[in-house]
Amino acid sequence: KVSINVSAAQLMNVGFYDKVVEIVNKYEINPNNICLEMTETILISSIDRGSKLAQDFINMGFEISLDDFGTG
């Protein structure tokens, strides 16, 4: 499994999800092998968008982890 740190700028970018889906499909990457790390601050700062995006990635098969949990 590979972990990828997702920045606040990436998460708030409207086309981020679509770009990730495009890359996964283009290179035939199995999302089950990828963990996307997001800080809880990012998710809380935009709870509706952040939780929807996290759920969309989970539905695709990605693992989500909270990075720096409890520090923010």
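**Note on a predicted protein model**

1. Ile 34 is placed in strand β2. Ile 34 is buried, at a relative accessible area of 10%. The cut-offs are under 20% relative accessible area for buried and over 50% for exposed, with partly exposed in between (1.4 Å probe, protein chains only).

2. The model is predicted: local features need pLDDT of at least 70, side-chain atom pairs count only at pLDDT 80 or more, and totals for chains, interfaces and linings use all residues. Residues are numbered from 1 along each chain as its sequence is written, and side-chain values use heavy atoms, with hydrogens and water left out.

3. Which residues does Ile 34 touch, not counting residues up to four places away in sequence? They are Lys 1, Val 2, Ile 4, Ile 29, Phe 62 and Glu 63. A contact means heavy atoms within 4.5 Å. The C-alpha atoms of Ile 34 and Ser 3 are 5.8 Å apart in space, while the two residues are 31 apart in sequence.

4. For the protein overall, contacts with a separation of 6 or more were counted, and 87% of them join residues 24 or more positions apart.

5. The protein has four helices and three strands. Read from the N terminus, their order is β-α-α-β-α-α-β. The radius of gyration of the protein is 12 Å, close to the 11 Å that the globule rule gives for 72 residues, so the protein is as compact as a globular protein of that length. That radius is taken over C-alpha atoms, and the rule is 2.2 Å times the number of residues to the power 0.38. The C-alpha trace spans about 35 × 25 × 20 Å along its principal axes.

6. Of the 72 residues in the protein, 32% are buried. The protein exposes about 4,600 Å², and carbon and sulfur atoms supply 55% of that area. Accessible areas come from the Shrake-Rupley method with a 1.4 Å probe; for residues, only the protein chains shown count as cover.

7. How confident is the predictor, and where is its confidence lowest? What pLDDT gives is the predictor's confidence in each residue, from 0 to 100. The mean pLDDT of the protein is 87, and 90% of its residues reach 70 or more. Confidence is lowest in helix α3 (residues 40-45), with a mean of 71, and highest in helix α2 (residues 16-26), at 96.

8. Ser 45 belongs to helix α3. With a relative accessibility of 58%, Ser 45 counts as exposed. Ser 45 and Ala 8 are 37 residues apart in sequence, and their C-alpha atoms are 9.5 Å apart in space. Ser 46 lies in the loop between α3 and α4 (47-60). Leaving out residues up to four places away in sequence, Ser 46 touches Met 12 and Ser 51. The C-alpha atoms of Ser 46 and Val 2 are separated by 26 Å, and the two residues are 44 apart along the chain.

9. Glu 28 sits in the loop between α2 and β2 (34-39). Its phi is near 50 degrees, a positive value in a residue other than glycine. Glu 28 is exposed, with a relative accessible area of 74%.

Notes. Helix = DSSP H or I, 4+ residues; strand = E, 2+ residues; numbered from the N terminus.
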